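Hi,

Here is the model I said I would pass on. Have a look at it first, and my notes follow below.

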There are 2 protein chains.
Amino acid sequence: MVKKTKEEALETRNLLLDTAECVFNQKGVSGTTLADIASAAGVTRGAIYWHFKNKADLFEAMCERVRLPMETMIAAGAEDGVADPMGELRKTVDYFFLKVATDLHHHRVFDILFNKCEFVEQLGPIIDRDARVREAFRERFERTFANAVRLGQLPASTNVPLAVNAYLSYTKGIMRSWLLEPESFDLHRDGMRMMDGFFDMLGSSTALRD
Amino acid sequence: MVKKTKEEALETRNLLLDTAECVFNQKGVSGTTLADIASAAGVTRGAIYWHFKNKADLFEAMCERVRLPMETMIAAGAEDGVADPMGELRKTVDYFFLKVATDLHHHRVFDILFNKCEFVEQLGPIIDRDARVREAFRERFERTFANAVRLGQLPASTNVPLAVNAYLSYTKGIMRSWLLEPESFDLHRDGMRMMDGFFDMLGSSTALRD
DNA sequence: TTAATCATACATTCATGTATGTATAATTGA
DNA sequence: TCAATTATACATACATGAATGTATGATTAA
């Protein structure tokens, strides 16, 4: 075929990433071959091997497209959230739910990460990366919850680590439920109602206090 | 090799299922070959192909060993739970958490189902089965929540379908969090504290009411 | 002229499924 | 009861297809 201009090459790269999202979603990560993606994208495996080292590299690049905006959002929230920690926690889930519900890329990639790939050592760097991100999130939220306690937004006896675990479990649980059955409820509207119930609980129930 | 007696044959079958749990857990379902399982069990693929049709059949049998006790427990709870619906809901999670936290088979299999396998059409009957089970659970819990409202255990304006989604999302979220990081909290003790917070919330917060 | 952007062709590995072999438990018949 | 037969419970060997990675070719932007 003809040689493409740099812009066209970048287009095919994005096309490959878009196509990978769809095919991974349909057949699972380990269930799809590079030939599947290539044919679905209307190219050959040569194109894939030019832009990416292998399937793992392609998968990582696909994740990166949605991970970066997420992490920058988190980093941004950490700055201006000190005055209103609980408000920041609410904003964070709100952003996540809205993003996944409205942006197809986020929808597909999170669906893949939650339900269409196997979290085993084989993924290597993905797992490590994910573990580090989880740890960073946990630390970040621990500080936020601690700030909320300090500012009187939460009861002084709140068990912060437990509350963080509950917060993470609930948000991910809602996310995963919706990804498995998007028709069963509205992620943004109903999901935030659930989270508001959670935030109410932190103030009223003694279950997560020492 | 020698021909085994019927009992010995059943032992190797169970050995294969046990080994499959471990290997699937380490390398993921699609990442493990039947040769992996065979060598880990100290037999050859011939043994596997004698007891099971193929990998999917082995996987299904492995799931069945934990699914059956679960479903009978659910069915039993449906009988004597009509007098105290909320108590039944609590008992159900309590049983789940305790079982997964203490029984290695349940721990491994749920870990596989949650994190180490791809929920795509390829699994075929597993997916269908799971969808039917989910639907049955949802109906069951919808009735239970409705009973709780009728008996005055929950506010009359409670949005039952939303509450059910919240209940399912929370329990599964807690389960999954713990399976990913078993050291981060105690599934039974802390998990039930989280759920108690949830039950408190249903009575105090207006977030899940109409 | 060179190097980028793929398509094409080829070699290799690897998992699967099946066919066959084998030794013995289980069963049958007298 | 005891050989003779049969079916069981695997191990071994083989054929097949499929996915991967690489090497090479072709065309044209730079």
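**Where the two domains of chain A meet**

In chain A, 10 residues of domain 1 are in contact with nine residues of domain 2, contact being heavy atoms within 4.5 Å. Domain 1 covers 1-52 and domain 2 covers 65-204, with bounds from an automatic or database domain assignment. Their C-alpha centres lie 31 Å apart.

Before going on, the ground rules: this is a predicted model, where local features need pLDDT of at least 70, side-chain atom pairs count only at pLDDT 80 or more, and totals for chains, interfaces and linings use all residues. Residues are numbered from 1 along each chain as its sequence is written, chains are lettered from A and ligands numbered from 1 in the order in which they are written, and side-chain values use heavy atoms, with hydrogens and water left out.

Back to the interface. About 830 Å² is buried between domain 1 and domain 2 of chain A, and carbon and sulfur atoms give 49% of that; buried area here is the accessible area (1.4 Å probe) that two parts lose on being put together, summed over both. On the domain 1 side, Glu21(A), Asn25(A) and Val29(A) supply 62% of the area buried against domain 2, more than any other three residues.

The rule also finds three salt bridges across this interface (a side-chain nitrogen of Lys or Arg within 4 Å of a carboxyl oxygen of Asp or Glu). Glu21(A) turns up again here: its side chain forms a salt bridge with that of Arg108(A), at 2.7 Å, N to O. By class, the side of domain 1 that touches domain 2 has four nonpolar, four polar and two charged residues. For that count, Ala, Val, Leu, Ile, Met, Phe, Trp, Tyr, Cys and Pro are nonpolar, Asp, Glu, Lys and Arg charged, and the others, Gly among them, polar.

As for chain A as a whole, the secondary structure comes to nine helices and zero strands (DSSP runs, numbered from the N terminus: helices are H or I, at least four residues; strands are E, at least two). The C-alpha trace spans about 65 × 35 × 30 Å along its principal axes. Of the 210 residues in chain A, 50% are buried, meaning under 20% relative accessible area, with exposed over 50% and partly exposed in between (1.4 Å probe, protein chains only).

One spot in chain B: Gly203(B) sits in helix H9 (residues 187-204) and is partly exposed, at 44% relative accessible area. Leaving out residues up to four places away in sequence, Gly203(B) touches Pro155(B) and Arg209(B).

Cheers
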